[in-house]
Amino acid sequence: MLLISSSTKAQTVNEKSFYGGLFYLSNYLASEEYIQFARTHNDLESVDHIYEKALSFFDGDASETFFCLTFVFIPYNHITVKLPLIGTNVRFPLPSPPQSVFNEKVKNTPKHLFFDSPQNDFGDKDKLAHFFANAFLHYNISFFNLSKFLGIFVEYFEQGFFLQGGFDRRDLVANHLGELFAEMVHNNPNAKPSDALKIYQLLYLRIYP
């Protein structure tokens with residue numbers, strides 16, 4: 001999937017497919033309708049809202065929703081991989097909407113997810129891709145805790161080979177919260193992403209005697 005060209009044409013009718021969902025949700029994030037919603041809601045409420053839109057698009061299929069939102073929330077439309085033995089960099093396109101839509105989608109992506117989210121234009125936009133990717137993995141292949149292993153593996157791989165990447169312990173926390181959300185959805189299909197994301201703050205509480 002990572003090698004699929006981002007130049008794939010956007011469907012005029014959004015089919016019930018990965019690309020149909022990718023274009024539908026990306027266009028929605030870039031729309032004036034979403035901008036107006038985001039002005040009157042905080043970022044966690046906006047994440048819930050986008051999740052509900054995606055879940056409705058995929059007729060309640062949580063697995064399809066998690067997978068599609070992973071790519072919707074990746075703030076890059078390509079990855080550049082370092083090849084040390086060859087001494088060169090190779091650029092791979094990611095599934096993505098047209099550039100103008102992509103730019104607006106990234107601009108409007110919720111960024112203040114945690115109490116310590118960076119107070120800049122980017123914030124924690126990249127954490128949502130980690131969150132939903134690990135929700136997808138845990139929802140589908142939770143045996144032997146494979147989702148946790150893959151999350152850690154990807155983080156170290158990103159540090160070593162992706163020019164856009166680097167090890168970030170907060171990415172790992174987002175991974176774990178995504179796994180927790182998958183468990184929540186297994187137990188209660190009405191669970192919302194914010195139910196898991198809000199737990200982040202509890203991880204930093206200190207109880208004094």
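Student: Let's start with R39. Is R39 buried or exposed?

Tutor: R39 is exposed. Its relative accessible area is 60%, and the cut-off for exposed is over 50%. Keep in mind that this is a predicted model.

Student: Which side chain meets R39 in a salt bridge?

Tutor: That is E32. The N to O distance is 3.9 Å. The cut-off for a salt bridge is within 4 Å, so the pair counts.

Student: And how accessible is E32?

Tutor: E32 has 46% relative accessibility. That makes E32 partly exposed.

Student: How many salt bridges does the structure hold?

Tutor: Seven.

Student: Which residues are linked in a network of salt bridges?

Tutor: D116, D124, D126, K127, R170 and D171.

Student: Let's take R170, then. What is the N to O distance in its salt bridge with D116?

Tutor: The side chains of R170 and D116 meet at 3.3 Å, N to O. The two residues are 54 residues apart, and the pair links distant parts of the chain. R170 is in helix α8, residues 169-187. D116 is in the loop between α5 (99-108) and α6 (127-140).

Student: Buried or exposed, what is R170?

Tutor: R170 is buried, at 11% relative accessible area. D116 is partly exposed, at 27%.

Student: How far apart are the closest N and O atoms of R170 and D124?

Tutor: They are 2.7 Å apart, and the two residues form a salt bridge. R170 lies in helix α8 and D124 in the loop between α5 and α6, so this pair ties together parts 46 residues apart in sequence.

Student: Why does D124 count as buried?

Tutor: Because its relative accessibility is 1%, and buried means under 20%.

Student: New topic. What polar contact joins D124 and S117?

Tutor: Their side chains are joined by a polar contact of 2.6 Å.

Student: Leaving aside neighbours within four places in sequence, which residues is D124 in contact with?

Tutor: K111, L113, F114, S117, P118 and R170. Two of those names came up already: R170 forms the salt bridge with D124, and S117 makes the polar contact.

Notes:
Residues are numbered from 1 along each chain as its sequence is written. This is a predicted model: local features need pLDDT of at least 70, side-chain atom pairs count only at pLDDT 80 or more; totals for chains, interfaces and linings use all residues. Side-chain values use heavy atoms; hydrogens and water are left out. Buried means under 20% relative accessible area, exposed over 50%, partly exposed in between (1.4 Å probe, protein chains only). Helices (H or I, at least four residues) and strands (E, at least two) are DSSP runs, numbered from the N terminus. A polar contact is a pair of N or O atoms within 3.5 Å; within protein, one must be able to donate a hydrogen and the other to accept it, and residues adjacent in sequence count only if both atoms are side-chain atoms. Contact means heavy atoms within 4.5 Å.
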